[in-house]
Amino acid sequence: MSGRGASTVTSRSAAEYRIEDLAHASGATVRTIRAYQDRGLLPTPERRGRANVYGDTHLARLRQIADLLDRGYTLASIKELLEAWDAGRGLGGVLGLVAEVHGPWTDEQADRISRDELNRRFGGAQDDQAVAEAVELGVLEPIPGRPDEFLVPSPQELSVAVELHGAGVPLTAISGHLRELRGQVEHIASRFLEFTTEHVFARYLGHRPPTDSDAAEAAELVRRLRPLAQQTVDAELARAMRTFATRHLQHHLGADTPLGSAPSAEEPRPVLLSPDAIGAIQKLVGPQNVAAFVAAAAEREVQARTLDALTAEHVKSRQVDQMH
């Protein structure tokens, strides 16, 4: 190599890098590269005189590490994957599984929208606070260098907000409803993953990382099972909406209006809580525990009132006895 910071090509057309060149080519810092070396994430470079010489293998490894970090993997788990690769167990199946899991879970295509179009769809007025909340929730994503344009990851979700606002729902109420709904849906997603892991994917977890063939088979299962969660939620949501919408209408129209068989006195009925109340409960117990908290609080209130009634009855009985 000639000169500090210059890369050369050998007769075998293999690039060689000093550490500064490798940092520039990979996007990592020199300090990060040295840290990866210390942790055993990079192969040992060739020593020439007082300098270390890196090659294409090191550049490819740095790019693999960066990709896995972007996908949420820790350095410890990345080290296990790379050690399996170095041991000859293969990484193709594992990377295929990673790509499958991190692939799109919907056929919906992202779109773009200008600030003027956004204002027009929501009544024409500019509402910076509502836009900030939409960005915080991920309904809109800023586009670098385009301050008057946004990426819309889910046009369907934005269309729902437009329709609700057009029907008279305030934007703050829509944001609050989405936060509540998101917590409940994340709980459903977590439970579905726990369920499928226990009953489907547990057999692939015997090796860490899984073998190449096991990872490839698991990736195929992910492709097959991917639509099941949404299909199940769609079916159950339709069933619940049919049931509760009928009861809700009966409640507001009054018991004298026949809309099919009315619920019995023992049958549970939905109770509407304000967004502020739901938000306060979420802060106390978390989104996934809201229903259980409300049920427990109601039960405790009923028991307390029953005890108060029994106590009052007892005191009244004693007073009558004393009068006699």
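Accessible areas come from the Shrake-Rupley method with a 1.4 Å probe. The structure shown in these views is a predicted model.

**View 1. The whole protein chain, with its surface and secondary structure.** The accessible surface of the protein chain is about 22,100 Å². Carbon and sulfur atoms account for 55% of that surface. The secondary structure consists of 13 helices and 7 strands. The chain has 324 residues, and 25% of them count as buried. Of the contacts between residues at least 6 apart in sequence, 52% join residues at least 24 apart.

View 2. Helix H8 covers residues 155–166, which is 12 residues. From its first C-alpha to its last, H8 reaches 16 Å, close to the 16 Å expected at 1.5 Å a residue. Leu-158, Ala-161 and Val-162 are buried in H8. These three residues lie on the same side of the helix, because they cover an arc of only 100° around the axis. Gln-156 and Glu-163, on the other side of H8, are exposed.

**View 3. The surroundings of helix H8.** After H8 comes Gly-168, which has a positive phi near 110°.

View 4. Ile-188, Val-233, Leu-237 and Met-241 make a nonpolar surface patch of about 360 Å². Helix H11 (residues 228–253) gives the most to this patch, with 3 residues. Val-233 lies in helix H11. The relative accessible area of Val-233 is 37%, so this residue counts as partly exposed.

**View 5. The salt bridge between Arg-115 and Asp-128.** The search of the whole structure finds 10 salt bridges, and one is shown here between the side chains of Arg-115 and Asp-128, at 2.6 Å from N to O. Arg-115 belongs to helix H6 and Asp-128 to helix H7 (residues 128–137), so the pair ties together parts that are 13 residues apart in sequence. Arg-115 has a relative accessible area of 13% and is therefore buried, the cut-off being under 20%. Asp-128 is partly exposed, with a relative accessible area of 48%.

**View 6. The salt bridge between Arg-223 and Glu-220 in helix H10.** The side chains of Arg-223 and Glu-220 meet in a salt bridge, with 2.7 Å from N to O. Both residues lie in helix H10 (residues 212–225); because they are 3 residues apart, about one helical turn separates them. Arg-223 is partly exposed, at 41% relative accessible area. Glu-220 is also partly exposed, and its relative accessible area is 36%.

**View 7. The salt-bridge network of Glu-16, Glu-46 and Arg-48.** Salt bridges that share partners join Glu-16, Glu-46 and Arg-48 into one network. Within this group, Arg-48 forms a salt bridge with Glu-46, and the closest N and O atoms of that pair are 3.1 Å apart. Arg-48 counts as partly exposed, at 34% relative accessibility. Glu-46, at 44% relative accessibility, counts as partly exposed as well.

Notes: Residues numbered from 1 in each chain as written. Predicted model: local features only at pLDDT ≥ 70, side-chain atom pairs only at ≥ 80, totals over all residues. Heavy atoms only, no water. Helix = DSSP H or I, 4+ residues; strand = E, 2+ residues; numbered from the N terminus. Buried < 20%, exposed > 50% of the residue type's maximum accessible area, 1.4 Å probe, protein only. Contact = heavy atoms within 4.5 Å. Patch = residues over 30% accessible without salt bridge, like charges linked within 9 Å, V, L, I, M, F, W, Y side chains within 5 Å. Salt bridge = Lys/Arg side-chain N within 4 Å of Asp/Glu carboxyl O. Expected span 1.5 Å × (residues − 1). Arc of directions from axis to C-beta.
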